[in-house]
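Subject: Structure handover

Hello,

Here is the structure we talked about. Please open it and keep it on screen while you read the notes under it.

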Amino acid sequence: CGDRSDRKLLAGRWSVMTELILVTAGCFLAVSAFAVLVETPRKYILQAGFAGACGGWVYFFSMQRGVDTVPACFLSALVISLMAHLFARIFKAPVTVFLIAGILPTVPGAGMYRAVYYMIADDRAQSSFYLMQTLEIAGVIALAIFIVDAVFRIRIRGRNKADETSK
């Protein structure tokens, strides 16, 4: 129905969508397996996997749209932290039950590996680059968790004050 260029464009979009779905499914499986490994209670493993899958989807989607690695990790950590807080409220469980396993797709393990690899290979420029990027990613993960936690604490305090004044 279309010419060859339309088919190539459609095939290109299909492969990006397929890759996005596969990466999201891979994140779900990896986080769920990691949740089992860190002994997350069995009834919360799927929720932790879902939080990690959402974060992995945001990271991959951001990278596909041309966002740099550090901001993509920040957005991913924001989503994971938000999901962890929401699940903690819904299922009456500690936030860390969902956050520890869920943050796995955002953790910069490969960057740390590359930093050490290039340090051993005596390539100081590459080693410095990956070390700084790893530290930046670790910083934005902590910042995202802090921001979401602060927003939820402020919201809870505001709700508690409103309840006290209405009594």
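This is a predicted model: local features need pLDDT of at least 70, side-chain atom pairs count only at pLDDT 80 or more; totals for chains, interfaces and linings use all residues.

Residues are numbered from 1 along each chain as its sequence is written, and side-chain values use heavy atoms, with hydrogens and water left out.

The whole chain

The protein chain has 6 helices and 0 strands; helices (H or I, at least four residues) and strands (E, at least two) are DSSP runs, numbered from the N terminus. Read from the N terminus, the order of elements is α-α-α-α-α-α. The chain has 167 residues, and 34% of them are buried. Buried means under 20% relative accessible area, exposed means over 50%, and partly exposed is in between (1.4 Å probe, protein chains only). A contact means heavy atoms within 4.5 Å. Among contacts with a separation of 6 or more, 65% join residues 24 or more positions apart. The accessible surface of the chain is about 10900 Å², and carbon and sulfur atoms hold 67% of it. Accessible areas come from the Shrake-Rupley method with a 1.4 Å probe; for residues, only the protein chains shown count as cover.

The cores

A nonpolar core is a set of buried Ala, Val, Leu, Ile, Met, Phe, Trp, Tyr and Cys residues joined through side-chain atoms within 4.5 Å. The largest one has 21 residues, and Phe 98, Leu 99 and Ile 103 touch the most other members. Helix H2 (45-64), H3, H4 and H6 each give at least two residues to this core. H3 supplies the largest share, 8 residues. Another core, of 5 residues, lies apart from it and includes Val 31, Ala 35, Ile 45 and Ala 101.

What does Phe 98 touch, leaving aside its neighbours within four places in sequence? Its contacts are Tyr 44, Gln 47, Ala 48, Ala 84, Phe 87, Ala 88, Phe 91 and Ala 93. Phe 98 is one of the buried residues of H4, along with Val 95, Val 97, Leu 99, Ala 101 and Gly 102. H4 is mostly covered, with 6 of its 8 residues buried.

Cysteines

How many disulfides does the structure hold? The count is 0, where a disulfide is a pair of cysteine sulfur atoms within 2.5 Å. Cys 27 is buried at 13% relative accessible area, and Cys 73 is buried at 3%.

The surface and the loops

Met 112, Val 116, Ile 120, Leu 131, Met 132 and Leu 135 form a nonpolar patch on the surface, with about 560 Å² of accessible area together. Helix H5 (109-120) and helix H6 (124-166) are the elements that give two or more residues to this patch. Like charges are joined within 9 Å, and nonpolar side chains (Val, Leu, Ile, Met, Phe, Trp, Tyr) within 5 Å. Met 132 lies in H6 and is partly exposed, at 47% relative accessibility.

Lys 92 sits in the loop between helix H3 (69-91) and helix H4 (95-102). Lys 92 is not a glycine, yet its phi is positive, near 55°. Lys 92 is exposed, with a relative accessible area of 74%. Asp 122, in the loop between H5 and H6, has a positive phi of about 65° although it is not a glycine. Asp 122 is exposed at 60% relative accessible area.

Regards

How values were computed. Patches are made of residues with over 30% relative accessible area and no salt bridge: like charges are joined within 9 Å, nonpolar side chains (Val, Leu, Ile, Met, Phe, Trp, Tyr) within 5 Å. A salt bridge is a side-chain nitrogen of Lys or Arg within 4 Å of a carboxyl oxygen of Asp or Glu.
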